[in-house]
Amino acid sequence: PLQAELNHLNNYMQIQQQRFAARLDYSITVDEDTAGSLIPKLSLQPIVENAFFHGLEQKTGPWKLEVLVKREGRNTVIMIRDNGIGMPPDKLSDLQGRLQLRSGGLWTHGERIGLSNVASRIHMHYGELYGIRVESSPGEGTTVTVTIPLERKAVDHA
């Protein structure tokens with residue numbers, strides 16, 4: 001369930017807030033309509049880890065990380081925004097290309113394999129209409145958008 005994944009992410013962020021308390025402003029906003037959505041385990045933490053490693057840790061000044069979960073029609077949309085250093089257009093284009101591959105395979109080497117693997121797992125579970133989109137501007141930050149189906153089914157926790 002998405003809520004379990006968000007709980008895991010909040011635990012991770014509590015650690016990060018202890019480490020970077022003076023610099024980090026973290027917020028999460030969740031639309032209650034998305035609570036029944038299902039997402040592969042450990043899908044959000046790699047995205048947030050990338051935000052720290054590739055964007056925030058190289059930035060001077062205050063850091064902002066925002067997670068917004070909302071319903072859009074029949075979809076659940078999860079936006080993870082940071083105010084980090086952003087990506088130059090060539091790196092962004094390369095990353096977007098890797099995320100659009102529909103091979104169903106998992107990446108085992110190279111940079112940003114966590115993000116590529118999350119995208120591949122979402123494609124395998126839900127099909128080509130779902131996945132990850134990345135937008136970034138140098139000096140302004142990065143937004144990673146995860147789109148999954150809006151599910152309202154009971155989940156067996158056994």
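1. Strands here are DSSP runs of E of at least two residues and helices are runs of H or I of at least four, numbered from the N terminus. The model is predicted, with pLDDT of at least 70 needed for local features and 80 or more for side-chain atom pairs, while totals for chains, interfaces and linings use all residues. Residues are numbered from 1 along each chain as its sequence is written, and side-chain values use heavy atoms, without hydrogens and water.

2. Strand β3 runs antiparallel to β2 (residues 63-72), to which eight bridges join it, and eight bridges also join β3 to β5, again antiparallel; pairing requires at least two DSSP bridges. Ile78 of β3 is the bridge partner of Val69, and Val146 in β5 is the bridge partner of Ile78. In the hairpin of β2 and β3, with two residues between the strands, Gly73 takes a positive phi near 65°.

3. The structure holds one cavity of 30 Å³ or more, that is, a set of points on a 1 Å grid over the protein atoms alone where a 1.4 Å probe fits but cannot get out. The largest cavity has a volume of about 160 Å³, taken as the space filled by probe spheres set on the points, which are joined across faces, edges and corners. Of its 16 lining residues, which have an atom within 4 Å of a point, the closest to the centre are Asn50, Ala51, His54, Met87 and Thr142.

4. The elements giving two or more residues to this lining are α2 (45-56), β3 (75-82) and β5 (141-149), and α2 gives the most, with five residues.

Note on methods: On a 1 Å grid over the protein atoms alone, a cavity is a set of points where a 1.4 Å probe fits but cannot get out, and a pocket is an open set with protein on both sides within 12 Å along at least five of seven lines; lining residues have an atom within 4 Å of a point.
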